[in-house]
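Please load the coordinates in a viewer and keep the selection panel at hand.

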Amino acid sequence: MEYITPLTVSATPGSGDTVADLVIGQGPAGNNFTATVCNINNTSRSATTLCTPRGLAVDTNNNLYVGDSGNNRVLEYHEAANPPTTVTATKVFGQGGSFTSGTANNGGVSPDSLNAPYQVALDAANDLYVADRSNNRVLEYDTPLTTDTTADRVFGQADNFAANGCNLGGTTPTADTLCFPQGVAVDATGDLLVSDSNNNRVLEYDKPLVLGPTPTATATIPATPSATATATASATATASATATTSATATPTATATATSTATPTATATATATPTATATATPTATPTPILGTLSFKPTSLNFGTSTKVGKASKAKKITIKNPSSKSSKLSVSVMSESATTPFAIKGSQCIKTLAPGKSCKVSVTFTPSDTTPQNGFLTVHDNAQGNPQMIQLSGTGKM
C-alpha cells in the first residue's frame, strides 16, 4: 500500500463535495494542493510540514493526531472547528519537543523516542496509542493533552522502554513480542488491536488500561483485652516475630503482632504482611546497530525511458555489513503513489543476519519529459533509520 505525502481534508463530503478544502503538511497557508514533496523540498521541517504521513486519528474534542513517519514523530493539531482549519501542529511526540528535529530515536530508545511511527489510535478517554513500527513496539500515552508526551506503557518489548528488537531479538514470536507493527485500533470496550506486520498476524490485548484496585494493607485487632489486664501487663514477641508488622491494643494492654497476652486478655493481631519491595532490574539499553550498506547508493534511470512506459527494473542490494551477531530487521517502500518510481516484486521485508543481503527491484515510468526524482525509504533497526535511496530519471517522447 502506498501513501500520498500531503494530508488533505474535505469539508462536508457527504454533500457530494469531493474536492479537498484544506491541505495539512505543505506549509502554513493550507492551500498549496500542488506540492507533494517531503518537508517542502526537504529543507524546512517544521510544525507545518510532513514527510510520509502514515496514520491519523481524531479525539473526542476534534484534535487531530498524525503519524509523521518520515520525520520520526507524531504531531497533534489543536482543533476547535469542524470542519478543521488548523494546519500548524501544537504538540510533537518523539523529538523532545522540537518541531525542527526528525532524528530516529532522538536521544536514544526511550519512552520519549519514536522510529518511523505508523498508525495512531485513541480510546474513549483520549489515551493515545502509537504503532512505533521500526522500534518493534506500540507506545501508549495517558491523556497526553493534559499530561505530557512521554509514553506510559510499552507493548512488544517486555515493559522495557530501552529495547527495540524484533521479537525481543529472537527468531520465534510469542504473545509478548512484536515485529514491525503498523496498525493500531481500540474498540468500544477498550480492547487494543495491533497489526503485527512482519509476524503476519493481528494481536488483541484485553482492556490493557483497565487495572484492578491496588491492594491496601490492613491491620485489625478484633479482640479487646478484658478489664483485668493491668497497664503493666504486656506480652513480648519472640525473636522470630516479623519486625515490620505490629499492632497495638488498647492503652491498658500492649501486644506485639503474633503474640498472645495473658489468658485473661487475648489480643488477636491480624495483619497483612508488609510487602517486600523487589527492585526491577535496570534496563540494559539496546546497542545501536551498524548502518546498512546499499549498492548502488542511488539509482539514475537516465533519459532512455519513453513517457508512459515502464523501464527495465534496476536492482539495489541491501546488506548487513556487521561482523557481529546483530541481526537487522529491514523493510523497504517507495516514497508515494504520486512518484514515477515503483518497487517490482519483493519489498525486501526480512531480518538480515551479519553478512547477509537482499535485493529490491525498482522501475521508472516517466509521466513527461521533465527530470523526475523520488526515493525509497528503508526502515530498519540500524543506526540512522530511516534511510533514503535517491531515485532519478528523465522521460523521452
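The model is predicted. Begin by selecting aspartate 152, in the loop between strand S9 (137-141) and strand S10 (153-155). With a relative accessibility of 37%, aspartate 152 is partly exposed. Its side chain reaches the backbone nitrogen of aspartate 142 at 2.8 Å; the C-alpha atoms of aspartate 152 and aspartate 142 lie 6.4 Å apart, although 10 residues separate them along the chain. Beyond residues up to four places away in sequence, aspartate 152 touches Glu140, Tyr141, Asp142 and Phe161.

Next, select arginine 153 and glutamate 140, whose side chains form a salt bridge (2.9 Å, N to O). This pair connects distant parts of the chain, with arginine 153 in strand S10 and glutamate 140 in strand S9, 13 residues apart. Glutamate 140 is buried at 0% relative accessibility, whereas arginine 153 is partly exposed at 24%.

The whole structure contains 6 salt bridges. One of them joins the side chains of aspartate 132 and arginine 137 (2.7 Å, N to O). Aspartate 132 is buried, at 0% relative accessible area, and arginine 137 is likewise buried at 0%. Move on to aspartate 196 and arginine 201, which also meet in a salt bridge (2.7 Å, N to O). Here aspartate 196 is buried at 1%, while arginine 201 is partly exposed at 23%.

Finally, select asparagine 71, in the loop between strand S4 (64-68) and strand S5 (73-77). Asparagine 71 is buried, with a relative accessible area of 0%, and its side chain makes a polar contact of 2.8 Å with that of asparagine 39.

Note on methods
Residues numbered from 1 in each chain as written. Predicted model: local features only at pLDDT ≥ 70, side-chain atom pairs only at ≥ 80, totals over all residues. Heavy atoms only, no water. Helix = DSSP H or I, 4+ residues; strand = E, 2+ residues; numbered from the N terminus. Buried < 20%, exposed > 50% of the residue type's maximum accessible area, 1.4 Å probe, protein only. Polar contact = N/O pair within 3.5 Å; in protein donor to acceptor, adjacent residues only side chain to side chain. Contact = heavy atoms within 4.5 Å. Salt bridge = Lys/Arg side-chain N within 4 Å of Asp/Glu carboxyl O.
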